[in-house]
Amino acid sequence: MHKSSVIIPIHNRAGQIANAFPILKKSPFVSEVIVLDTGSTDDSVAAIRQRFPSLALLETGANLGFAEGNNRAIEVALNHGA
């Protein structure tokens, strides 16, 4: 079976992860969930690290736009064997 990664881009929206991650974690088709933080200025990163410490969290440090941010996350997923 191939490894599949799910990328969730966020920007100041930690609540999105609270809803999505538990469901995705139970899926037999998802090997890895990568949260892509595109320069959040609220407490999103800290909240995610505290609530889901095992989650792969990629911080770009700036809002790179949807395409560039996802390209970076896809690169990480490919490096992890997706």
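Which elements make a right-handed β-α-β unit? In this predicted model, the unit consists of strand β1, helix α1 (residues 14-26) and strand β2, with a right-handed sense.

**The sheet**

The strands belong to an open sheet of three, arranged in the order β1-β2-β3, and the pairing is parallel. The edges of the sheet are formed by β1 (5-10) and β3 (56-59), each of which pairs on one side only. From one strand to the next the twist averages 25°.

Between β1 and β2 the parallel pairing extends over six bridges, and here isoleucine 7 stands opposite isoleucine 34 in β2. Strand β2, which covers residues 32-37, also pairs with β3 in the parallel sense, over four bridges; leucine 36 has leucine 58 of β3 as its bridge partner.

**Helices on the sheet**

Helix α2 packs on the sheet and touches β1, β2 and β3. Helix α3 likewise packs on the sheet, with β1, β2 and β3 as the strands that it touches. The table lists each helix with the strand against which its direction is given.

| Helix | Residues | Reference strand | Angle between directions |
|---|---|---|---|
| α2 | 44-51 | β3 | about 165° |
| α3 | 66-79 | β2 | about 145° |

**Helix α3 in detail**

The length of α3 can be checked against its residue count: at 1.5 Å a residue, its 14 residues should span 20 Å, and because the end C-alpha atoms are 20 Å apart, the model agrees with this expectation.

Which residues of α3 are buried? They are Gly69, Asn70, Ala73 and Ala77, where buried means under 20% relative accessible area. Viewed down the axis of α3, these buried residues fall within an arc of 95°, and therefore they line one face of the helix.

The buried residues of α3 pack against β1, β2 and β3, whereas the face turned away from the buried side carries the exposed residues Ala67, Glu75, Leu78 and Asn79. Helix α3 is followed by glycine 81, whose phi is positive, with a value near 95°.

Taken together, the description is of an open, parallel sheet in the order β1-β2-β3, on which α2 packs and on which α3 also packs, with the buried residues of α3 set against β1, β2 and β3.

Notes
Residues numbered from 1 in each chain as written. Predicted model: local features only at pLDDT ≥ 70, side-chain atom pairs only at ≥ 80, totals over all residues. Heavy atoms only, no water. Pairing = 2+ DSSP bridges. Helix = DSSP H or I, 4+ residues; strand = E, 2+ residues; numbered from the N terminus. Axes fitted to C-alpha atoms, helices over the stretch in contact; angles between N-to-C directions. Contact = heavy atoms within 4.5 Å. Expected span 1.5 Å × (residues − 1). Buried < 20%, exposed > 50% of the residue type's maximum accessible area, 1.4 Å probe, protein only. Arc of directions from axis to C-beta. Right-handed = clockwise from strand over helix to strand, strands pointing away.
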